[in-house]
Amino acid sequence: MTIKPLLAAAVTLTLSATATLADPALIFDLGGKFDKSFNEAANEGALRWKAETGGNYREIEMQSEAQREQALRRLAQAGSNPIVMTGFSFADVLTQVAPEFPDTRFVIIDAIVDQPNVRSIVFSEEEGSYLAGIMAAMSSKTDTVGFIGGMDIPLIRKFGCGFAQGVIATKPDAKMLISWTGSTPAAWNDPVRGGELARAQISQGADVIYAAAGGTGIGILQTAADEGILSVGVDSNQNALHPGSVLTSMVKRVDVAVEEAFNEGADMTGGVEVLGVANKGVVVAMDENNSSLVTPEMQAAVEEATQKLASGEIVSHDYMSDDSCPIAGF
Amino acid sequence: MDYTTFLQILDSTLRLATPLLLACLAGLFSERAGVFDIGLEGKMLVAAMSSGAVAYLTGSAWLGLAAGVATSLLWAAVHGIAAITFRGNQLISGVALNFLASGMTVLVAQAAFGQGGRTPALSGAARFGELTLPFAEMLRPVPVLGPFYAEVMSGHSILVYLALAMVPATWWVLMRTRFGLRLRAVGENPAAVDTAGISVTRMRFAAVAITGILCGIAGAYMATALQAGFGREMTAGRGYIALAALIFAKWRPWGALWATLLFGFFQALAFRPDVVTAVTHVDIPVPALEALPYILTVLVLAGFVGKAIPPRAGGEPYVKER
């Protein structure tokens, strides 16, 4: 009989399949995993986990809005656990999918989904941006500082609001210029438009521009370097893109969040985790590429503000708490 | 709003309008010959990627431009074979090529450079620098026109001047040469051209090739002049905006110039909401400003502002005998 060995083979296959099933998975949002920014940081965290533990993980890059639900279901059905996804855009989909897979743990970065099997990781971008604002205000000679956000959404307004507060706290009469690159997802990938917006701000006197705009930000940093002004990068450490022109980068330690989730594996707890300056979840990047731009006074001011933010002596306003930012006027 | 601010907006207008103008003229050649081309976007994208890659590898912006034009021509050739030789649906071929461009550019750039579908940042001779036109500084003190010349006309990449020169060139070729007459005739009544003993296929391929060259320049301008390298989807829909501008221009070369400058002007205005508010004393939302060109295009299509009549044989493959 040939059936038996076949059956046996099938059983072994199933078993070996189950053995690999507990692998974690990572879903990248539309920017792609090498966006030199948010998604890339997630990728670095996963790679570090792989190097340290020798484990394997699955990954999917989103190509269109329509794929989110399908990708999430596929991974959950295939048994990946935990499933980490980068980006607030997954919030709605995850709210629907999470209850269908109660045994699977999900991690969403940048949004809050209230389900028992979901861990929501949010960053206090307003605190990191506050620190970047201090540095920008101290470096500005024209007392005009620009902010260029990507798609106009509450999350990005949160960056802008914290930044404006840092600037105004340091130089109360400084002028803030605020622009958005668009209102559709295409706003994340239009460096030409970003460059033109940067030029528009430069013509209004800005000499430090904070780019919180994903791939569009690459164009903003480029134009800033071309025009000889300073820029502030976002999400990942972008200081090395234009050494001597990028003042600093407001780094979200997405890599740490992903690595932790992978390490905890399937027994991970749910709930909301807030990463701020106190637990080094958001930092302003200092390295050899921007050392010539950062003065000792700047460093001291940043350290002082970090402590005050951590102790609660300074409260940086969170735009998403009340959908308004009085200090920046939006 | 002071004069300097106005000039800054015009300066920005010219930079933003250049890729649109090149793509619009590209579409004009193709559509005037009766081949609809929705694939302007894809051609610009592949040209941007290959010009960014080759400029980085060779250190020469000109070689980058050549590579951009060559890849764009390749895309145009595929469109030509599908739409002219095999008489396929021109819209479907265009859309398919756009998708292919969107995926291929990221794939190739990632395989070659491993920077997430971006090409490495260009510097020095690998980029088209800004040209200062002769006498720009000398003429600056001349009232009104001096600053206009120095601020708006001077200080752009050579490709901007090339694009502007393409407008009279296109007009001359289309309206004043035998080739142009035949090209237009092929788009209106290919059977008549065929009767006169001229190859419809050859005329249409020639038109599609010119489209490829112009899209190639547009893509190279974005990757090697405006920016310093290719980024995924960096054309961001400019190929489609150019198509809208083409309708707005009623398929005419000079119209294409004014239409794309108008579109560029509205985009530039959207970047300066402070100016708009200061001039109109009304707080106009930025998206409303950005939507204006499309609203105008719809109005033109609906026949409120003149009439936009497309080439009569547009979109129809030519069948010699039934």
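**View 1. Asp143 of chain A sits partly exposed in a loop.** With 14 other C-beta atoms within 10 Å, Asp143(A) comes out as partly exposed. Bear in mind as you look around that this is a predicted model. To find Asp143(A), go to the loop between H5 and E6 of chain A. Most residues other than glycine have a negative phi.

**View 2. Asp323 of chain A also has a positive phi.** Here we're in the segment after helix H11 (319-322) of chain A, where Asp323(A) lies. Phi of Asp323(A) is near 55°, and again the residue isn't a glycine. Is Asp323(A) buried or exposed? It counts as exposed, because it has 9 C-beta neighbours inside 10 Å, and a residue with 12 or fewer falls in that class.

**View 3. A cis peptide bond links Asn81 and Pro82 of chain A.** Omega for the bond joining Asn81(A) and Pro82(A) is about -5°. Most peptide bonds, by contrast, are trans. Pro82(A) has its place in the loop between H3 and E3 of chain A. Asn81(A) and Pro82(A) both turn up again in the next view, among the contacts of Arg105(A).

**View 4. Arg105 of chain A is a buried loop residue.** Look for Arg105(A) in the loop between helix H4 (91-97) and strand E4 (106-109) of chain A. It counts as buried, because 25 other C-beta atoms lie within 10 Å and 20 or more is what it takes. Which residues does Arg105(A) touch, leaving aside its neighbours within four places in sequence? They are Asn81(A), Pro82(A), Asn117(A), Ala266(A) and Met268(A). Gly217(A) is another matter: it is 112 residues from Arg105(A) in sequence, and the two C-alpha atoms are 33 Å apart in space.

**View 5. Six strands of chain A make an open, parallel sheet.** Reading across, the 6 strands come in the order E2-E1-E3-E4-E5-E11 (chain A), with parallel pairing. Strand E2 (58-61) and strand E11 (271-275) of chain A stand at the edges; each has a single partner strand, so one side of each is left without a neighbour in the sheet. On average, neighbouring strands here are turned by 15° against each other, direction ignored. Now zoom in on one pair: strand E1 (residues 25-28) of chain A joins E2(A) in the parallel sense over 4 bridges. Within that pair, Ile27(A) has Ile60(A) in E2(A) as its bridge partner. Lying across E1, E2 and strand E3 (83-86) of chain A is helix H3 (residues 67-77), which runs at about 175° to E1(A).

View 6. How many of the 5 residues of strand E8 (residues 208-212) of chain A are buried? The count is 5 of 5, so the strand is largely enclosed by the rest of the structure. In a regular strand the side chains alternate between the two faces of the sheet. In E8(A), Val208(A), Tyr210(A) and Ala212(A) point one way, while Ile209(A) and Ala211(A) point the other way. E8(A) runs parallel to strand E6 (residues 144-151) of chain A, joined to it by 5 bridges. It also runs parallel to strand E9 (residues 230-235) of chain A, with 3 bridges between them.

**View 7. Helices H5 and H10 of chain A pack against each other.** Two packed helices are described by the angle between their axes and the distance between the axes. For helix H5 (residues 125-139) and helix H10 (residues 296-311) of chain A, the angle is about 155° and the axes are 10 Å apart. H5(A) and H10(A) are therefore roughly antiparallel, and their crossing is right-handed. On the H5(A) side, the residues that meet H10(A) include Tyr130(A), Leu131(A) and Ile134(A). On the H10(A) side, Ala301(A), Val302(A) and Leu309(A) are among those taking part.

**View 8. Chain B is built from helices.** Chain B has 14 helices and 0 strands. A compact globule of 322 residues would have a radius of gyration near 20 Å, and chain B, at 20 Å, agrees. Its C-alpha trace spans about 65 × 50 × 40 Å along the principal axes, and 50% of its 322 residues count as buried.

Conventions. Residues are numbered from 1 along each chain as its sequence is written. Chains are lettered from A and ligands numbered from 1 in the order in which they are written. This is a predicted model: local features need pLDDT of at least 70, side-chain atom pairs count only at pLDDT 80 or more; totals for chains, interfaces and linings use all residues. Helices (H or I, at least four residues) and strands (E, at least two) are DSSP runs, numbered from the N terminus. The radius of gyration is taken over C-alpha atoms; the globule rule is 2.2 Å times the number of residues to the power 0.38. Two strands pair if DSSP finds at least two bridges between them. Axes are lines fitted to C-alpha atoms, for helices over the stretch in contact, and angles run from 0 to 180 degrees between N-to-C directions. Two residues are in contact if their C-beta atoms, placed from the backbone, lie within 7 Å. Angles under 35 degrees count as roughly parallel, over 145 as roughly antiparallel, 65 to 115 as roughly perpendicular and the rest as oblique. A crossing is left-handed if the near helix is turned anticlockwise from the far one by less than a right angle, and right-handed if clockwise.
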